[in-house]
Amino acid sequence: MTKMFKHLFSLLAVFALLFSLGTEAMAAKKSKTLKNTQKKGFVRCGVSQGLPGFSNADASGNWAGIDVDVCRAVAAAVLGDAGLVKFTPLSAKERFTALTSGEIDILSRNTTWTLSRDADIGLTFVGVNFYDGQGFMVRKDSGINSVNDFKDGISACTNIGTTTELNMRDFFTSRAISYEPVAFEKADEVVAAYDAGRCDTYTTDKSGLAAQRTKMKDPSAHIVLPETISKEPLGPVVRQGDSVWEDLVRWSLNVMIEAEEYGITSSNADSMKTSDNPQIKRLVGSEGELGAAFGLDNEWSLRIIKQVGNYGESYKRNIADTGILPDRGPNELWTKGGILYVPPAR
Amino acid sequence: MKRNRILPQAITLLFIILIFGFFAMNAQVNMENRGIEFGFGFLKQEASFDIQFSLIEYDGSHSYARAYLVGLLNTLLVAFIGIILSTILGIVVGVARLSPNYLIKKTAAFYVEFFRNIPLLLQIFFWYFAALRALPMPEDANLLLGSSFMTIKGFYTPAPVWENFDIFFITLILAFILIFFVNRYAKKKQEQDGKQLPMFLISLSIFIGLPLLTFLSGGFDLSFSFPELKQLAKTSYTFEGGVGIPPELIALALALTLYTATFIAENVRAGIQGIGIGQKDAAASIGLTPAQVLKLVIMPQALRIIIPPTTNQYLNLTKNSSLAAAIAYPDLVLVFAGTAMMQTGRAIEIVAITMATYLSISLAISLLMNWYNKRIEIKEK
């Protein structure tokens, strides 16, 4: 590609990057994203267009879900109020462009952490808030009880622009099964088409299958097959190049998980200030100077725990009590047989 | 005086250059800050996703460039089908709107007003999900025309299996050449002694007769592979063999046709109404039959009015076909500006390629239609 062409195409970049003018000039000591957020008075957060348990808006427009809680935690830490979040619903296709172009500052939208996404396209994954894996849903009366029952000619409904599409190919190709992929842009249309009988199976992350099943005409007429065909660590994402903001989002999530580990909840957080355990005292801000690293006061983590709750509370409120996935599976703390293990906040 | 004209233009030009230069610089700085590199090398990488419907051989082991081609061909396919069908329907409805029959006239008017005033995306959703609700599952499908099945998973029809396809193709080309020369001869003959040959019948018989003759003499062979029901699981079936046309393509082509035909119908009506009534009377008075009046006098003049706005409708239809993404028809936008963009993250490159592609398709259609328009223009002698 000649230099001239390069410039010509750079012109078109205006569509994606025009409004991100100088959100991150040089790596300033203080985070520009953080400064802008404080100036605006709200956190700009990209979420899904409606996935119960992760990010879903109720009839009056209030967002809830474990992905939503990550953004609320950051708002509580930075602005002092977990309610100061502006949510932008995004399709799988739009999400990364919205983040890199500066339309949002955190992407918390059940997004799988992969090498190419992390390293290649100007994004940084800050952690994992849900360990998931891809599965298949079929109609209960279809007689399919396992992926081993799949035969040539099966049609599979899914979303475009997701790792699901790639895993699906790996799965069917490695088993030499010919299949018809029917890929929609929006999840609601996938569900509608599958529910109408367009496809024999619907494939996405298992948590997504469990959540979407609640939206179907007759949820009990569908089953999720036992097999898991991929690793899908879902977590929040930020733009590459603002390491202070990146650390802030990472540790807002980590604080929620570690608070659960030490038994700090939204109701007992204040009384924990006088605990004998120094790590608990650090988490609720009565010891150490952890907030200073981000240019925040020392009660930032206390606000997260008090206003949003620890990870266990968030999971129970959004995913277990709503009947989506009552069993925490791998998303249990490492001390209780799961794989949730975060570096210590100290 | 002259300087007065140049100066404002020079300032405007400078301003435009500065604006675009600023955009380019800004994009470059932002991309550098985020560690995004610009380039088209990704087109050679393995796409590693499958596409539901493809006119050329494709699977996930092919490159992104190949996936682009699949999307492009699918876009061209639905645009082609849409343009042909909406033109036919548009002409029929446009003529029907001028019918002296009250019922036909009002039905045509109702159709036009109804379909052109509902957003296209809604119509696409309606046809797709209405079709999905209404169509039977494969195992319940009825046999149509003794060979095809219309099911929720698509329209299954026998596939032609050719033997010596090249001979058939050559015969077809020969037939066209023959028709061309016979037509030229007929025209000359008419100019010489005024006699007219039934050219339509002659052309049709050459078009059908020549390949038929080759077929009967064993030059090529044609058989069909029929779709057969196949059980996938206890209550789950599909069809195997034959050609399967996905319901997404059918719904999209249907919606585009019904929507665009309303506008073309109005163009046709305007074209015919734009011809003075005296023309018809004059033509009839020199002894032309009603069919000849329409073919030789009305249509050539009406076309001059009809073609330019209809070109716009063809362009609209082609661009509107990008709404395919909503119902999973794998067109250029869904495959390339959708899946490929997500998997590679090359938003700027892919959007640029996609824009350039639509621009090229539109310019090509414009060029073709302008050429046709020039041909039928009044030639002043």
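1. Domain layout of chain A. The C-alpha centres of domain 1 and domain 2 of chain A lie 31 Å apart. Domain 1 of chain A covers 29-131 + 234-320, and domain 2 of chain A covers 134-230. These bounds come from an automatic or database domain assignment.

2. Basis. This is a predicted model: local features need pLDDT of at least 70, side-chain atom pairs count only at pLDDT 80 or more, and totals for chains, interfaces and linings use all residues. Residues are numbered from 1 along each chain as its sequence is written, while chains are lettered from A and ligands numbered from 1 in the order in which they are written.

3. Domain 1 of chain A puts 12 residues into the contact, and domain 2 of chain A puts in 13 residues. Residues are in contact if their C-beta atoms, placed from the backbone, lie within 7 Å. The domain 1 side divides into 5 nonpolar, 6 polar and 1 charged. Here Ala, Val, Leu, Ile, Met, Phe, Trp, Tyr, Cys and Pro count as nonpolar, Asp, Glu, Lys and Arg as charged, and the others, Gly among them, as polar.

4. Chain A against chain B. The contact takes 56 residues from chain A and 47 residues from chain B. Helix 1 (3-12) of chain A is among the elements that supply at least two residues to this side. Helix 1 of chain A gives the most, with 6 residues. Helices (H or I, at least four residues) and strands (E, at least two) are DSSP runs, numbered from the N terminus. The chain A side divides into 25 nonpolar, 15 polar and 16 charged.

5. A helix pair in chain B. Helix 4 (residues 120-134) and helix 7 (residues 247-273) of chain B pack at about 140°, with axes 9 Å apart. Axes are lines fitted to C-alpha atoms, for helices over the stretch in contact, and angles run from 0 to 180 degrees between N-to-C directions. The residues of this contact include B:Trp127 of helix 4 and B:Leu258 of helix 7. They divide into 13 nonpolar, 1 polar and 1 charged.

6. The sheet in chain B. Four strands form an open antiparallel sheet in the order 1-2-3-8. Strand 1 (143-144) and strand 8 (243-245) of chain B are at the edges, each with a single partner strand, so one side of each has no neighbour in the sheet. Strands pair if DSSP finds at least two bridges between them. Strand 2 (residues 148-151) and strand 3 (residues 154-157) of chain B pair over 3 bridges. B:Met150 has B:Phe155 of strand 3 as its bridge partner.

Technical notes: Contact = placed C-beta atoms within 7 Å.
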